[in-house]
Amino acid sequence: MRVLVVTVAYNSADTIDAFLESLAEAGTVDELVVVDNHSEEAGVVGERVRAAGGTFVALDRNLGYGGGVRAAVDAARHDPDLILVANPDVVFAPGAIDALAAAAEQTPDAGSLGPKILDADGTVYPSARRLPSLRTGVAHALFGRIWPSNPWTVRYRAENETETRRSAGWLSGACLLIRASAYRDVNGFDDGYFMYFEDVDLGDRLGRAGWRNLYVPEAVVTHTGAHSTSRVRRTMEKAHHDSAYRYLSRRYAAWYFAPLRLAVRLGLWGRLWWVSR
């Protein structure tokens, strides 16, 4: 099965070398495409990607994460069977991509497959989660930071289910293998999400289309951190809250949910003020 790896970079010069070096040991990769979302470090990143044999595309404006992924897939020279989407601050364990590809062959109804993701300190990041309902989403938003062990957050994040291959509501877009036919079936990422929730939305739409989102913990990657977004914290907080509203308002789109959508919008505005004050 042909594997295309796509990455969306933004001021990623300090992480791209480790990404590329680990990619060489991660498994069989037939093509690599890196898109830069109009950042100051595009020239440096482009040189390193081309030196590693990849295709580099410098965009003339920032399309966000989903839009960047779409541009990278469109720039591929060959039609893949599998599309591996990864952040440029991901480091692959040896054989990680081969493990995901093997799971895809074993599970033909899996539209997306996600590895076990470790944080920089080696702890397991709960990357295979349930879809957020309004109740769990609101409770997680309210209590997730001040009371991390609250029952709504623990259930939503599936924190105790990180060692077994299983289905999930959605998988983290930090590193995600998507079957090309499933990608085409749901028309890929919704580029209306500039940042955040595009992976939640993708998992939701794949599930509705009859595909499984499969967590594959034998494949391991390390996510070293949100280097580029940490420089513009308030902007990213706003993007996160805007995306949360976009997702929830679409899930509760019927006319009789209008008061509920207004309450969610006001609540998210209040939360944004609180966390970024």
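Helix axes here are lines fitted to C-alpha atoms over the stretch in contact, and angles run from 0 to 180 degrees between N-to-C directions. The model is a predicted one.

**Stop 1: the pair H1 and H2**

Select helix H1, residues 16–26, together with helix H2, residues 42–51. Their axes come within 10 Å and cross at roughly 15 degrees. Angles under 35 degrees count as roughly parallel, and H1 and H2 are therefore roughly parallel to each other. The crossing in which H1 passes H2 is right-handed.

Now show side chains where the two helices touch. From H1, pick Ile16, Asp17 and Leu20; they meet Val45, Arg48 and Val49 of H2. The residues of this contact divide into four nonpolar, no polar and two charged.

**Stop 2: the two sides of H2**

Which residues of H2 are buried? Select Ala42, Val45, Gly46 and Val49. These residues lie on the same side of H2, because they cover an arc of only 100 degrees around its axis. Turn to the other side of H2, where Glu47 and Ala51 are exposed.

Just after H2, select Gly53, which takes a positive phi of about 90 degrees.

**Stop 3: the buried residues of H1**

Return to H1 and select Ile16, Phe19, Leu20, Ser22, Leu23 and Ala26, which are buried. The buried residues of H1 pack against S1, S2 and H2, and also against strand S4 (82–86), strand S5 (90–92) and helix H4 (96–106). Just after H1 comes Gly27, with a positive phi of about 145 degrees.

**Stop 4: Leu59**

Go to the loop between S3 and helix H3 (64–75) and select Leu59. Is Leu59 buried or exposed? Its relative accessible area is 16%; buried means under 20%, so Leu59 is buried.

Leu59 and Asp36 are 23 residues apart in sequence, yet their C-alpha atoms are 6.0 Å apart in space. Leaving aside neighbours within four places in sequence, Leu59 is in contact with Val35, Asp36, Asn37, His38 and Ala71. Show these side chains to finish the tour.

Note on methods: Residues numbered from 1 in each chain as written. Predicted model: local features only at pLDDT ≥ 70, side-chain atom pairs only at ≥ 80, totals over all residues. Heavy atoms only, no water. Buried < 20%, exposed > 50% of the residue type's maximum accessible area, 1.4 Å probe, protein only. Helix = DSSP H or I, 4+ residues; strand = E, 2+ residues; numbered from the N terminus. Arc of directions from axis to C-beta. Contact = heavy atoms within 4.5 Å. Parallel < 35°, antiparallel > 145°, perpendicular 65-115°, else oblique. Left-handed = near helix turned anticlockwise from the far one by under 90°. Nonpolar A, V, L, I, M, F, W, Y, C, P; charged D, E, K, R; others polar.
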